[in-house]
Amino acid sequence: MEFLYSAIIILVTILLAVPLGRYVSKVFKGEKTLLDFFEPIEKLIFKVSGVNPLSEMDWKQNLKALLTINLVWFIWIMFVLLTQTWHPFWNPDNILSMEPTQAFNTAVSFVTNTNLQHYSGETGASYFTQLLALAFLQFVSAGTGIAALALLFKGLANKSTRNLGNFYYHLVRACTRILLPLSIVLAVVLLLNQTPMTFKGSETIVTLQGDTVSVARGPVAAMVAIKQLGTNGGGFFGPNSTHPFENPNGITNAAENAAILLIPIAMVFALGYYLNRKKLSYIIIAVMTAGYLMLLIPTIVQETGGNPKITQMGITQPQGSMEGKEAGFGPVLSALWSISTTVTSNGSVNSMHDSFTALSGAFQMMGMQLNAFYGGVGVGFINMFIFMIIAVFISGLMVGRTPEFLGKKIEVREVKIAILVALLHPLLILGGTALASHTWMITENPGEVLKWLNNPGFHGFSEMLYEFTSAAANNGSGFEGLGDNTPFWNISAGIAMLLGRYIPIIGPIMIAGLLSQKKYIPESAGTLKLDSGMFGVMLFAVILIVGALLFIPALVLGPVSEYLTI
Amino acid sequence: MIKNLKSSLILTVILILMFGVVYPLGIYTIGLVFSSNSVGSPIVKNEQIVGFENIGQSFTDDKYFWGRPSTVGYNAASTGGSNKGPTNPDYLAEVQARIDTFLLHNPGVKKEEIPSDLVTAPGSGIDPNISPNSAYIQVKRIAVVRNLPEAQIKALVDQSIENTVLGMPVINVLKLNLKLDELK
């Protein structure tokens, strides 16, 4: 049955993404939609903040606007986290202020749409923080990614002009027209399935067996909805959507899992409608889905097979590997979620990735390392765009022609930027992991002094590799056994998140700005057609070669070695 | 630059109010109107809250159905999983200890009959559910301790299976144990 459920979840999500993509394209173009009743509110917002949404800006002005407002958000959330002790309301459990490096990590994490959490929600964040800082940023950081994508689309559609549109216009409308309506729908589904939404603090109860227990709760439904939809992933509670308040049953699980994938897939369909090249969007969706299934199917096989070490103890495991998994979800639905959340940059979990069987950990990491199958809201396609530029370039070299991308010549500058952006990702992940491993090795008695690793041997290495992979990919999930709330991890992962977020936005927007100014060259017989199966195969090969080969040595040291020692 | 900064500041304030205050209050209001469970679905017995439907409780007494092991001792104020890797020797020793404890309390049960969810810890640490087999395997023990016919308890388990849509069939341990206490 679970296999059927998984297929239903994937198919329904793709089917819903088609009309949503069409709608997103209309929102980007400013065409009429059913939700135009938001327009007076948006007009008022623009008027009060002194923004003229119709004034078009070039790529530099747009990036300045993007980075400035992101900086303002960073300062706001730092302020909120460092002053929790004094929050005037919505802090019924009297949560204390965060330690500065943890606050830095958390602030970066939420501004960059990563939602890596070195704190635990029920003990580390007040309701005030959860809503006015974290949930707020879950909207606007997702909105930033979507707005960046809108600028990129404009650049691709333009002919000989510098203007990419207006960042503020797209930011506000991404939030009000796309994220808000979908969040309301998902939040209602959650409410109807017993997800709490209350401002009452924790409740102390005496259990049936006579123990006294305090039960944390709070305004959960509102936050879970946007964390799933905006590829955020930062849960209300420490264990995220494994917590029965965040994800009470099969229906919420399916809805939340679909919400992870929905907007990233819809963005690719939106490209097809926006440029009027539907076939191109189908090719890209096919490449992404092939990559997704390539990671998903072996993960399901591994998890349903159970943990061989436990089989050796004489426990038959018809249920599959159950450590870190909830009884109501089991191995198949947990594997489905774990790959959905890692290929997109979501990072929410409905089971603990650290406890998956050895090879599954490698597939989860690969999802984040390749970082192009569906991907984050907005930024997912932006990453794919980099791979497309590289694929076009390599194809051009193979036939000895100047490469063209949708009617624009791809020249040295564009390729340089694309390669730099593509190489940053492995640099952050491998460089960071090397730094952490080195620090571990040179410390005397690291298990007592550093206390990072919850697991010995290869798995311990995997914990460090996973953390930097997750930070650089702006994912936010973790091998949570890693004792990551230390200044070393707070700062190093924070830097990885910052670079991993802004460079892959700045680079592609620059390329879009450059392409936008170029003359349009009509397709000829010698042009590599992007909307052909041939290009799809080429693109897939480039992703595997550029992406996978760089990471396979590191994966061999971690999860693969662990698998081989069983 | 200055103009950017000023616009950014004002826009930020407006967006905080919209998404950090108005949106959650809106969802809260919807919850009050349409859902009676928005405080977390408490179960009330004799005017006392004895638990929340979806929050698992620790059951170690032989007269109750046990839930799954928990690395946080079912502490619902600080939840979490073991995060132990699949080959970690400490972890495997822990699983072995759980198997031994279970066999000790359930004489007659063979090792290979123990469902794996009874010896592995969930990610939340407060999983309210177990698989149906995990309940059936405890029926005999409970029948002996409570001095009730096995068939009666088995029937209770049969009725308690929740075939949730899009999820695995499960039994809510707290609800099952509450019903068990009402048996005569």
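Modeller: The buried residues of H4(B) pack against helix H2 (89-105), helix H3 (132-136), helix H5 (150-160) and helix H6 (173-182) of chain B. This is a predicted model, in which local features need pLDDT of at least 70, side-chain atom pairs count only at pLDDT 80 or more, and totals for chains, interfaces and linings use all residues. Residues are numbered from 1 along each chain as its sequence is written, chains are lettered from A and ligands numbered from 1 in the order in which they are written, and side-chain values use heavy atoms, with hydrogens and water left out.

Biologist: Which residues of helix H4 (residues 139-146) of chain B are buried?

Modeller: They are Val139(B), Arg141(B), Ile142(B), Ala143(B) and Arg146(B). Buried means under 20% relative accessible area, exposed means over 50%, and partly exposed lies in between (1.4 Å probe, protein chains only). Helices are DSSP runs of H or I with at least four residues, strands are runs of E with at least two, and both are numbered from the N terminus. Just after H4(B), Asn147(B) has a positive phi of about 60 degrees.

Biologist: Why is Ser41(B) called buried?

Modeller: Its relative accessible area is 2%, so Ser41(B) falls on the buried side of the cut-off. Ser41(B) sits in the loop between helix H1 (2-34) and strand S1 (42-45) of chain B. Its phi is positive, about 55 degrees, although Ser41(B) is not a glycine.

Biologist: And what makes Thr231(A) buried?

Modeller: A relative accessible area of 0% makes Thr231(A) buried. Its place is the loop between helix H8 (220-229) and helix H9 (250-275) of chain A. Thr231(A) also has a positive phi, near 40 degrees, in a residue other than glycine.

Biologist: Why is Ser524(A) counted as partly exposed?

Modeller: Because its relative accessibility is 36%, Ser524(A) counts as partly exposed. Ser524(A) lies in the loop between helix H18 (487-517) and helix H19 (533-564) of chain A.

Biologist: What about Ala290(A), buried or partly exposed?

Modeller: At 35% relative accessibility, Ala290(A) is partly exposed. Ala290(A) belongs to helix H10 (residues 278-304) of chain A. Ala290(A) and Phe540(A) are 250 residues apart in sequence, yet 8.7 Å apart in space, C-alpha to C-alpha.

Biologist: How do you know whether chain A agrees with a compact globule?

Modeller: With 566 residues, such a globule would have a radius of gyration near 24 Å; chain A has 23 Å, which agrees. The radius is taken over C-alpha atoms, and the globule rule is 2.2 Å times the number of residues to the power 0.38. Chain A has 19 helices and four strands, and 68% of its residues count as buried.

Biologist: How does chain B compare with a compact globule of 184 residues?

Modeller: That globule would have a radius of gyration near 16 Å, but chain B has 23 Å. The C-alpha atoms of chain B fill a box of roughly 80 × 45 × 30 Å along the principal axes. Buried residues make up 54% of chain B. Its secondary structure comes to six helices and five strands.

Biologist: Why is H6(A) called oblique to H14(A)?

Modeller: H6(A) and helix H14 (residues 379-399) of chain A pack at about 45 degrees, with their axes 8 Å apart. That angle makes H6(A) oblique to H14(A). Angles under 35 degrees count as roughly parallel, over 145 as roughly antiparallel, 65 to 115 as roughly perpendicular, and the rest as oblique. The axes are lines fitted to C-alpha atoms, for helices over the stretch in contact, and angles run from 0 to 180 degrees between N-to-C directions. Among the residues making the contact are Gly145(A) and Leu149(A) of H6(A), and Phe381(A) and Ile382(A) of H14(A); contact means heavy atoms within 4.5 Å.

Biologist: Which members of the largest nonpolar core touch the most other members?

Modeller: Phe381(A), Met384(A) and Phe405(A) do, out of 205 residues. A nonpolar core is a set of buried Ala, Val, Leu, Ile, Met, Phe, Trp, Tyr and Cys residues joined through side-chain atoms within 4.5 Å. Helix H6 (residues 127-157) of chain A gives the largest share of this core, 21 residues. A second, separate core has 35 residues, including Phe102(B) and Val139(B).
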